[in-house]
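Here is a short briefing on one protein chain. Keep the sequence and the 3D view side by side while you read.

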Amino acid sequence: MIINERDRAEKELLSAIFYAYDAVMATATHKVESTDFAVSVNRIIWNAMKVAWDNTGVLTEGIIIDTVRDSDAVADFTDVLTVHIQAITPEHTWDVLLKRLRERSKADELKVFAADISKKEKVSSTEIKRFNRMIEDANRPENLKTTKTVANEFFEMACDKFSGKMTGVPTGFDKLDTLIGGFSPQNLYILAARPKCGKTAMKQQFVRSLIKTNHAPLMVCCEMAAKMEAMRMVAADTGINATRIQTGNFSEAELGIISDSTYRMFGNPSFSILDLVGASYIEICAAVNERFREQHYDVVFIDQLQAMRFKGQSLVREIGLATKTFRNLGNKLNCAVVLLCQLSRASDRNEGGMPQLSNLRDSGDIEQDADVVMFIHHDREQDDTEEDKDCSLIVAASRYGAPGRVSMVFNGPTTTFSETQKPWRD
């Protein structure tokens, strides 16, 4: 009976953490110890949850079962999912359950200790001190983040904004920085467009700007091979046409310029590229986590969502899980995440081809999970033969400010964007 009550208390704690993992797991991993679980299968499940969180930043039934690989623990994990419905109510938060579980542990330990010393004729001073320490430990308050701490952090951020100090990493575009405040850590940014509209070019320009301002970007290539990304970045940086670089049609002087550009960007230790063409979002998260063990990056750029490998039966559900995973990844690693996405063909049928949030392809969760959603849109009423084309970067949604638009010019041969004062033609 005692074991069953203990088992249930442990499963209640696991269940509370599992069902609110996106809000509590980062804290729980530091506060919940394996030793809190007396039942071995519950300990196995908790360790599997921590491994899954470290590798993917997301907890789902399938991921945890794959991680557990223990038949008894897998069976018990089903009980963890059902005990939530039976026992967990809104006031039963995970930290309350942890405190109760530890109180139960201390109480059980005190009972055992009291039973042991009661059999003795004499009790030593050492045993009395140990008994007192156990009582003190049982009554020690949890080291929770207080409201005052949160308020202080917010006040510091507000002071930075009031003084004109940017709270995020500069994007390289002054007007865009005014709209979104740069790339802020623990935020998910969506950059979306139709194919051939410059998503990758815009991403590469962000990366080059970060390198020049001594920030650390990490670029994840899911669609285009890393060496092709490198060639396009050098072309944009040097102003030498990418086709000429690819075919070797450049002068000896230009070779020196290309060499200097290559060394300046790819010899920079603060910049890394991960070649993960065809990888799943779980594999991408694991690879990013591994890179962060070696060094910290300010912004992680992932290009692109629809190029990843999804093995689930429901693409919409898988993409929803992917965006939540990348959002949690940024929270866990304390970095900004910029995720490139495709717009659906329905955007072409909008008036003037103007993209809308409903045109985000395959999942409404993309808009829900993002802190900022940006669209690249080209003016249709211009000559396709022109090298410089009018376009705009639209901030369609932002948790921290009003929507807006930045007028730009896109140069095709060098695949670069520049801000402009030209009025947009609606």
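The model, which is predicted, holds 0 disulfides. Cys391 is in no disulfide, and the nearest cysteine sulfur, that of Cys197, is 9.2 Å away. A disulfide needs the two sulfur atoms within 2.5 Å. Salt bridges do occur: a search of the whole structure finds 12.

**Cysteines**

- Cys391 counts as buried, at 2% relative accessibility.
- Cys341 is buried as well, with a relative accessible area of 0%.
- Cys285 is one of the buried residues of helix H14.

**The chain as a whole**

- The protein chain has 426 residues, and 46% of them count as buried.
- Its secondary structure comes to 16 helices and 9 strands.
- Take the contacts between residues at least 6 apart in sequence: 68% of these join residues at least 24 apart.
- The chain exposes about 21900 Å². Carbon and sulfur atoms supply 51% of that area.

- The side chains of Glu229 and Lys203 form a salt bridge, at 2.7 Å from N to O.
- Glu229 lies in helix H11 (residues 226-238) and Lys203 in helix H10 (residues 199-212), so the pair ties together parts that are 26 residues apart in sequence.
- Are these two partners buried or exposed? Both Glu229 and Lys203 are buried.

- Glu290 pairs with Arg293, and their closest N and O atoms are 2.8 Å apart.
- Both residues sit in helix H14 (residues 281-294), 3 residues apart, so about one helical turn separates Glu290 from Arg293.
- Glu290 is partly exposed, with a relative accessible area of 42%. Arg293 is exposed, at 52%.
- Arg291 forms a salt bridge with Glu294, with the closest N and O atoms 3.1 Å apart.
- Arg291 and Glu294 are also 3 residues apart in H14, so about one helical turn lies between them.
- An α-helix has 3.6 residues a turn, so residues three or four places apart point the same way.
- Arg291 is partly exposed, with a relative accessible area of 22%. Glu294 counts as exposed, at 56% relative accessibility.
- Elsewhere, salt bridges that share partners join Lys203, Glu229 and Asp303 into one network.

- How far apart are the end C-alpha atoms of H14? They are 21 Å apart. At 1.5 Å a residue, the 14 residues should span 20 Å, which agrees.
- The buried residues in H14 are Tyr281, Ile284, Cys285, Val288, Asn289 and Phe292.
- These residues cover an arc of only 135° around the axis, so they are on the same side of H14.
- Arg293 and Glu294 are exposed on the other side of H14.
- What covers the buried residues of H14? The cover includes helices H3 (40-56) and H15. It also includes strands S2 (217-221), S3 (272-275) and S4 (299-303).

**Asn328 in helix H15**

- Asn328 lies in helix H15 (residues 315-333).
- Is Asn328 buried or exposed? Asn328 is buried, because its relative accessible area is 5% and the cut-off for buried is under 20%.
- Asn328 touches Tyr21, Asp22, Trp53, Gly57 and Val58, not counting residues up to four places away in sequence.

**Ala236 in helix H11**

- Ala236 lies in helix H11, which also holds Glu229.
- Ala236 is buried, with a relative accessible area of 10%.
- Which residues does Ala236 contact, leaving aside its neighbours within four places in sequence? They are Arg208, Thr414, Thr415 and Thr416.
- Ala236 and Arg208 are 28 residues apart along the chain, and 9.3 Å separates their C-alpha atoms.

Conventions: Residues numbered from 1 in each chain as written. Predicted model: local features only at pLDDT ≥ 70, side-chain atom pairs only at ≥ 80, totals over all residues. Heavy atoms only, no water. Helix = DSSP H or I, 4+ residues; strand = E, 2+ residues; numbered from the N terminus. Buried < 20%, exposed > 50% of the residue type's maximum accessible area, 1.4 Å probe, protein only. Contact = heavy atoms within 4.5 Å. Areas by Shrake-Rupley, 256 points an atom, 1.4 Å probe, with all protein chains shown as cover. Salt bridge = Lys/Arg side-chain N within 4 Å of Asp/Glu carboxyl O. Expected span 1.5 Å × (residues − 1). Arc of directions from axis to C-beta.
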